[in-house]
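Welcome to this guided tour! Open your viewer, find the selection tool, and follow along one stop at a time.

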Amino acid sequence: MSNKEFPKIVLTGDRPTGPLHLGHYVGSLQNRVALQDQYDTCFYMVADVQALTDNADNPQKVRDNMMEVVLDNLAVGVDPEKTHFFIQSQIPEIAELTILFQNLVTVQQLSHNPTIKTEAEQKGYSLQSKFDQREEPEEQSSNLQGVPLGFLAYPVSQAADVLFAKANIVPVGEDQEPVMEVVRDVARKFNNLYGKEIFPVPKTIFSEVIRLVGTDGNAKASKSLGNAISLSDTPETIEKKVKGMFTCPSKVAVTDHVTSEELAGNVVFQYLDIFDSDAGGVEDLKKQYMNGEIGDSVGKARLTQVLLDFLNPIRERREELAKDPAKIEKILQEGIARAREHAAATMAEVREVMKIDYFK
Ligand code: TRP
């Protein structure tokens with residue numbers, strides 16, 4: 001089925017659990033900035049309810065980071081004139097839709113979801129209940145706790161996030177693709193069950209650079225791994241993080257030669273490839289490095305400068321914006337009002353086909 005009858009609506013969001021970093025920038029923020037000029041209706045959501053699914057014991061963290069992620073988005077150029085900013089918890093229809101969508105997804109489907117499995121592991125949640133286990137649980141898993149129901153079900157609430165707005169384009173990081181598969185599944189099932197094309201089946205869009213390596217050489221830059229450069233980092237912190245970057249272990253002296261395979265694992269050059277617009281200059285530097293003409297410090301100095309040139313204006317805009325909380329509140333209130341209009345229209349259709357529209 002095509003999405004032709006649906007106007008093009010873009011929706012995306014972040015969990016407010018920490019400051020956004022360069023991995024978020026290349027993975028999704030720069031995409032948001034580009035997409036808002038291509039589509040009439042764009043929504044940006046602070047996923048506070050989703051953040052609480054594994055932070056129920058730390059609501060202050062989620063509260064504090066709400067403003068941080070909004071500032072990060074505004075500072076990189078997500079423009080409130082083009083994109084409606086709203087907060088998930090302020091749209092009660094999302095909670096309502098989540099409950100109705102829960103009937104369309106199985107516990108098994110969710111516990112086998114690759115994103116949920118990976119994230120559960122990182123958080124120390126066991127997806128297997130003691131009753132399911134034939135054998136005694138192993139010693140090492142004794143510190144695992146059960147998985148919160150809300151966390152297991154967050155793909156269902158993400159379906160509600162996306163579908164209340166009838167969004168058909170969702171820019172996210174590639175690690176979210178299995179979750180978006182659940183979102184599409186809910187849209188298709190709902191339309192089939194209730195015999196009407198209420199929801200578009202949303203497409204995900206990834207950016208060109210889908211994953212930024214961590215400063216330590218780990219496959220992914222992430223806040224929890226402590227290997228990411230935040231958009232709000234001070235120049236001193238940026239310099240320090242670049243100094244500590246993983247390079248080529250075999251290069252001990254400046255004069256040591258390095259193969260191109262080894263160079264491929266060098267984080268400094270991987271970042272230069274992405275953030276330095278002078279590709280020719282970077283290629284020259286790589287040759288000198290491989291031929292034993294320069295050591296780590298030259299590449300690191302260049303990268304520090306490149307990142308400062310990129311991040312200084314972002315940090316300054318962020319500081320400027322942070323001085324005017326009333327303006328941010330107005331942006332959010334307007335976005336919330338707009339989101340609720342879409343939500344009310346969608347709920348009316350959903351109640352009708354689900355036959356819970358008793359008193360019209
Ligand atoms: N799960 C997303 C993430 O962790 C955040 C998110 C919540 C989201 N709801 C969304 C992204 C809806 C896109 C659309 O990055």
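Which atom of the ligand is 2.8 Å from an N or O atom in the side chain of D161? Select D161 and the ligand together to find out: a nitrogen atom of the ligand is there. Keep in mind as you look around that this is a predicted model.

**Stop 1: around the ligand**

Now pick Q50: an N or O atom in its side chain is 2.7 Å from a nitrogen atom of the ligand. Then click on Q176, where an N or O atom of the side chain lies 2.9 Å from a ligand nitrogen.

**Stop 2**

In total, the structure holds 22 salt bridges.

**Stop 3: two domains**

Domain 1 covers 9-105 + 153-213 + 325-353, and domain 2 covers 235-318. Their C-alpha centres lie 35 Å apart. Where the domains touch, 11 residues of domain 1 and 11 residues of domain 2 take part in the contact.

**Stop 4: the surface between them**

How much area is buried between domain 1 and domain 2? The value is about 1,000 Å², and carbon and sulfur atoms give 71% of it. Select L22, A75 and V213 next: these supply 50% of the area that domain 1 buries against domain 2, more than any other three residues.

Now look for charged partners. The interface of domain 1 and domain 2 has two salt bridges across it. Four residue pairs are in polar contact across this interface too.

Finally, highlight α1 (22-35) and α3 (59-76), the elements that give two or more residues to the side of domain 1 that touches domain 2. Of these, α3 gives the most, with five residues. Colour that side of domain 1 by residue type and you will see nine nonpolar residues, no polar ones and two charged ones.

Terms used
Residues numbered from 1 in each chain as written. Predicted model: local features only at pLDDT ≥ 70, side-chain atom pairs only at ≥ 80, totals over all residues. Heavy atoms only, no water. Domains from an automatic or database assignment. Contact = heavy atoms within 4.5 Å. Buried area = accessible area lost by both parts, 1.4 Å probe. Salt bridge = Lys/Arg side-chain N within 4 Å of Asp/Glu carboxyl O. Polar contact = N/O pair within 3.5 Å; in protein donor to acceptor, adjacent residues only side chain to side chain. Helix = DSSP H or I, 4+ residues; strand = E, 2+ residues; numbered from the N terminus. Nonpolar A, V, L, I, M, F, W, Y, C, P; charged D, E, K, R; others polar.
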